[in-house]
Amino acid sequence: MSTASPPRTRRTRFFTRVAAIVAALALPVTGLVVLAAPAQAAAAATATYTKVSDWGTGFEGKWVVKNTGTTTLTSWTVEWDYPAGTSVTSAWDATVTGSGTHWTAKNVGWNGTLAPGASAGFGFNGAGGGSPTGCKINGASCDGSTQPGDAPPSSPGAPTASNITETSLTLSWGAATDDKGIKNYDVYRDGAKIATVTGTTYAQTGLTKGTTYSYHVVARDTIDQTGAASVTVSFTTTGGTQPPDPGGKVKLGYFTEWGVYGRNYHVKNLVTSGTASKITHINYAFGNVQNGQCTIGDAYADYDKAYTADQSVDGVADTWDQPLRGNFNQLRKLKKAYPNIKILWSFGGWTWSGGFPQAAANPTAFAQSCYNLVEDPRWADVFDGIDLDWEYPNACGLSCDTSGAAAFKNLMQATRAKFGANNLVTAAITADASSGGKIDAADYGGASQYVDFYNVMTYDFFGAWAAQGPTAPHSPLTSYAGIPQAGFNSADAIAKLKAKGVPGAKLNLGIGFYGRGWTGVAQAAPGGTATGPAPGTYEQGIEDYKVLKTSCPATGTIAGTAYAKCGSNWWSYDTPATIAGKMTWAKQQGLKGAFFWEFSGDTANGELANAIHTGLQ
């Protein structure tokens with residue numbers, strides 16, 4: 001990533017860490033960009049910029065200075081401008097300072113002297129998405145030319161695929177922009193350039209059936225400067241036999257129908273974030289349970305909302321007269337591109353579990369109603385089964401149920417009998433392992449013979465519904481000294497379910513893609529007092545991971561979960577590092593896999609979903 005330099009212990013550790021991050025994210029390296037400044041005399045040096053990697057919320061950049069003159073340089077200074085919102089956050093092998101949008105890098109002692117033809121480089125991490133302009137090296141143009149400054153092009157839009165067959169597909173992407181105009185686009189497949197085209201589409205042939213390919217696109221301007229690469233997106237050709245997921249592990253995420261409104265999270269985000277290639281199952285949440293029957297939750301979001309071409313998974317807009325639109329049609333398109341993903345329709349949830357007691361009074365009629373809805377000819381091909389999220393059988397959630405310990409088993413038995421062996425039947429269940437708690441209230445062991453797997457909700461153990469605290473991690477993996485409630489942790493929940501006869505191979509560990517927090521907290525460690533819930537974007541006391549990772553970075557860990565104190569606010573949440581630990585534990589316990597609530601809490605590049613994916617490999 002830079003020219004040779006004397007060994008430096010801290011620098012070596014930093015480069016090792018950066019290399020590991022770049023390898024884990026598998027982000028493409030963009031092309032070389034030479035920037036020019038206003039006309040000046042030919043320079044005795046040039047400076048060349050490369051964006052080494054981009055992980056959505058930040059990037060790594062690199063400059064290489066070369067002595068193009070005939071005499072030795074004894075020092076060098078590189079200057080450039082970034083647009084507002086883009087900045088340098090750290091640097092190595094140069095002293096970098098900023099003044100407003102202007103940045104200056106000066107050599108350090110050991111790399112300032114350059115003989116004719118010699119080079120030196122320095123790197124940095126940055127935030128924002130802008131590209132450098134107005135570059136100068138020792139006061140002259142960075143490319144030694146008399147051409148006025150010319151900024152590199154922007155990143156093209158995320159690629160989408162249509163007309164996918166066993167051996168071909170048509171790739172499309174949003175146009176890039178440039179101050180002097182776009183000349184063409186380089187198309188990359190699995191990291192290798194396969195074509196250069198002038199338009200924003202490319203017809204790919206000669207592919208192998210049932211195979212997943214990854215694509216990204218880079219724009220070139222009229223002087224062949226390349227900009228940042230588009231996001232990398234994967235598509236799978238039809239036909240063939242999908243290879244089994246390594247270890248057969250489940251990697252399941254909840255997609256919420258209401259996320260398409262204020263959260264502005266759509267099925268296409270699963271593709272642009274790279275998450276679609278990292279999961280095995282999607283639970284679509286939620287269908288309602290009313291009058292003892294499965295019913296539609298939100299008809300507009302489910303099958304009526306019209307998507308424009310740029311919002312659609314395959315880049316094709318909905319029409320006013322097509323028979324199916326909304327999330328269901330987008331999920332259908334997603335399955336076409338990723339046929340290995342299984343999609344289940346989840347019914348109930350915290351808000352809509354009130355109809356389950358009536359359903360339990362006539363399980364056969366309930367199962368028939370669910371089957372009729374899930375297998376409706378308009379969308380039967382979208383769903384691979386059903387998930388029941390009863391919160392909670394024979395116990396209290398938003399409301400209390402007294403159906404008896406056998407009610408849940410009876411309901412699952414009737415559901416399996418109706419849906420048969422060719423459909424998935426699953427359930428989200430409590431993780432309350434306290435003595436006489438919710439796990440003890442229902443026959444989860446007896447019901448397990450009828451399910452493919454349980455999603456054990458090993459989160460929300462603690463939160464600001466206890467407004468004065470004590471502060472505690474909402475998703476502890478294990479118990480710890482001072483935990484507010486015995487049995488409120490993942491390890492105890494899994495152990496109790498196994499003791500009741502549920503095989504570990506039918507249990508998924510739950511991960512929250514959000515944090516829970518308090519305010520008015522003075523103590524950094526868990527166990528402090530509070531005055532109420534911390535402010536959140538959508539609801540007090542709860543916030544997405546994608547917000548918390550920068551607004552309140554983790555300051556410690558306890559019981560396998562991170563916590564953070566910023567100001568008087570105290571939060572607990574999972575990070576890629578704590579998820580890695582939990583996935584190791586899940587494998588040691590012989591669990592089926594993991595699931596999470598829910599997609600929109602993750603970062604734009606899906607770093608939490610990726611942590612689950614890599615942790616279960």
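**Aromatic rings in a predicted model**

Let's start with a charge on a ring: the charged end of Lys51 sits over Phe59, 5.0 Å from the ring centre. That label applies if NZ of Lys or CZ of Arg is within 6 Å of the ring centre and within 35 degrees of the ring normal. Arg378 does likewise over the face of Tyr303, at 5.3 Å from the ring centre.

A word on the basis: this is a predicted model, where local features need pLDDT of at least 70, side-chain atom pairs count only at pLDDT 80 or more, and totals for chains, interfaces and linings use all residues. Residues are numbered from 1 along each chain as its sequence is written, and side-chain values use heavy atoms, with hydrogens and water left out.

Now the ring pairs. The structure holds 43 aromatic pairs, counted for rings of Phe, Tyr and Trp (its six-membered ring) with centres within 6.5 Å; planes under 30 degrees apart are stacked, over 60 edge-to-face, and the rest tilted. Take Tyr284 and Phe328, an edge-to-face pair at 5.4 Å centre to centre with 70° between the planes. This pair links distant parts of the chain, with Tyr284 in strand 19 (residues 281–290) and Phe328 in helix 4 (residues 326–337), 44 residues apart. Helices (H or I, at least four residues) and strands (E, at least two) are DSSP runs, numbered from the N terminus. Tyr284 and Phe328 are both buried, meaning under 20% relative accessible area, against over 50% for exposed and in between for partly exposed (1.4 Å probe, protein chains only).

Both residues also belong to one aromatic cluster, whose members include Tyr303, Trp345 and Trp379.
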